[in-house]
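Look first at the model as it is drawn below.

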Amino acid sequence: SFNFKNITEIIYERLDRRIINLLRLIGVYGNEIKMPVYVVGGFVRDLLLNIPNYDIDVVVEGNGIEFAKYVGKQLDAIVVPYEKFYTATLVFKDGFKIDVATARTEYYEKPGELPQVDVSTIKKDLYRRDFTINAMAIKLNPNEFGVLYDFFNCQKDLEEGIIRILHNLSFIEDPTRMIRAVRFESRYNFKIEEHTLEILKRNLEANYLERVSGARIRQEIEKILEERQPLIAIRRLAELGILKHIFPKTYYTPTMDEKLERVFRFLPLVKQRYQNISDFYAISTVLLEFYDKETLDFMRNRYGYPKKFIESLKFTENMMLPLKSMIESQLSFSDIYKVIGKGNPYIFIHLSAYLDDEGQQYLLRYIDAILNTKLEKVTGKYVMEKFNLKSGPVINEILETLYAMKLDNPNLDEILTVEKIFEETQNKINKAEVSENTNR
Ligand code: ATP
């Protein structure tokens, strides 16, 4: 290991004092229970790229859980062990977390399934990782503190901006790495190395992605959606043919791209108004457009979309073009209300895919009207008592009409208006009776 360079200087230049002290302490505790200990993976990658990263992943050559318990005792942190994986999470008083793992090799008995685990050395642990840029470690024990363990020329790839697998079976062992490759490529503006790309395409065409659970695929897509420029990554997934293996009936046309671009523009505004909006469902409104019923059922099964979401999507998809023109000609809110009612956030997101900025602004005003409009004085009970009506569909019609009118005019007098609405309903009923009588 003496041919590895020491990067203590970089550590002191780029990291907070607090983090450095913590890393130093972890190294000291490693010595105290005689275990070599390293910080690994994304933390090392981002340190070398000079990008802030507070996800500290520690690997020990020895029992990771035992080590975590020792550190937890010294630093008064809570230890959450995962016995099955020989890993543990340390949770400090201030909420700061560190993941501790046991250096290990993994066997993949079947592609796409969770690996079997064996205790191992740091070199083998790094070799099983996804890409060279993520396969470096920094030693923390005091006698070697700051030594960069780079067995596979990882630093060179990092400097040249190359995403490279460590061995030819990598994508077969874990096909979600195909999606991860694209994520890192677009996050850092790196390039997937040629040989890696060749193997990726070969394994993709052999349908290895289909062997992975939908939940794991969805997780990786969700990580892409947390990135700063998700659309760039989605485009690349489409370009490499990966998207077709996730959304089998989606044709990534320029129109599709434009729709997604509009959705990404509108999405933050929806999130300001509704809680728990899923970016995955949001893009799915566009990606799943015009799927046949069977494929939609398959997708629901595989990726866990709620039944309601799929039903609403199917129900509203033919309304998008009419609604687009209604919004573009700025029809009144009450007219829009007659088509989609109160709607739901995913209908609005879907609709935003069809609208330019001006249209989106109008849609947003509609959403705000829906969210801010309530009938304050007139209730079902009020209508029944006032007009001497028995409960039935008429009551609801009157309330809905009143509500729609209030969308157009928030200051209307509910009491006066509901009387007019009632008179008109009466007139209609009378007319209907008259014409029925004269027809006889
Ligand atoms: P991010 O900055 O997005 O958190 P990360 O590299 O830290 O990226 P994590 O998913 O937190 O990503 O994983 C931590 C480390 O574990 C990675 O750096 C990588 O070395 C390894 N790793 C994660 N997922 C895989 C995988 N599917 N296959 C192999 N190694 C993986």
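Val-39 stands opposite Ile-138 in strand 8. Helices (H or I, at least four residues) and strands (E, at least two) are DSSP runs, numbered from the N terminus. Residues are numbered from 1 along each chain as its sequence is written. The model is predicted: local features need pLDDT of at least 70, side-chain atom pairs count only at pLDDT 80 or more, and totals for chains, interfaces and linings use all residues.

Strand 1 (residues 37-40) and strand 8 (residues 137-139) run antiparallel and are joined by three bridges; two strands pair if DSSP finds at least two bridges between them. Strand 1 also pairs with strand 2, again in the antiparallel sense, over four bridges. There, Val-37 stands opposite Val-60 of strand 2. Strand 2 in turn runs parallel to strand 5, with five bridges between them, and Val-58 has Val-100 in strand 5 as its bridge partner.

These pairings belong to an open sheet of seven strands with mixed pairing, in the order 3-4-5-2-1-8-9. Its edges are strand 3 (78-82) and strand 9 (148-149), each of which pairs on one side only.

Helix 2 (residues 17-32) packs on the sheet and touches strand 1 and strand 2 (56-60). Its direction makes about 145° with that of strand 1. Axes here are lines fitted to C-alpha atoms, for helices over the stretch in contact, and angles run from 0 to 180 degrees between N-to-C directions. Two residues are in contact if their C-beta atoms, placed from the backbone, lie within 7 Å. Helix 4 (residues 64-75) packs on the sheet too, touching strand 1, strand 2, strand 3, strand 4 (87-91) and strand 5 (97-102). The direction of helix 4 makes about 15° with that of strand 4.

Strand 2 is mostly covered, with four of its five residues buried. A residue is buried if 20 or more other C-beta atoms, placed from the backbone, lie within 10 Å of its own, exposed if 12 or fewer, and partly exposed in between.

Now turn to helix 12. Helix 12 (residues 254-271) has 18 residues and spans 26 Å from its first C-alpha to its last, close to the 26 Å expected at 1.5 Å a residue; the expected span is 1.5 Å times one less than the number of residues. At Arg-265 helix 12 bends by about 30°, and Pro-268 follows within four residues. The bend is the angle between axes fitted to the seven residues ending at a residue and the seven starting there. The buried residues of helix 12 are Lys-259, Leu-260, Arg-262, Val-263 and Phe-266. They pack against helix 11 (230-239), helix 13 (279-287), helix 18 (345-352) and helix 19 (357-372).

Helix 19 holds Tyr-362. Why does Tyr-362 count as partly exposed? Because Tyr-362 has 19 C-beta neighbours inside 10 Å. Leaving aside neighbours within four places in sequence, Tyr-362 is in contact with Ile-327 and Gln-330.

Finally, the whole protein. There are 22 helices and eleven strands, and buried residues make up 32% of the 440 residues. The radius of gyration, taken over C-alpha atoms, is 30 Å, whereas a compact globule of 440 residues would have one near 22 Å; the globule rule is 2.2 Å times the number of residues to the power 0.38. Along the principal axes, the C-alpha atoms fill a box of roughly 105 × 50 × 35 Å.
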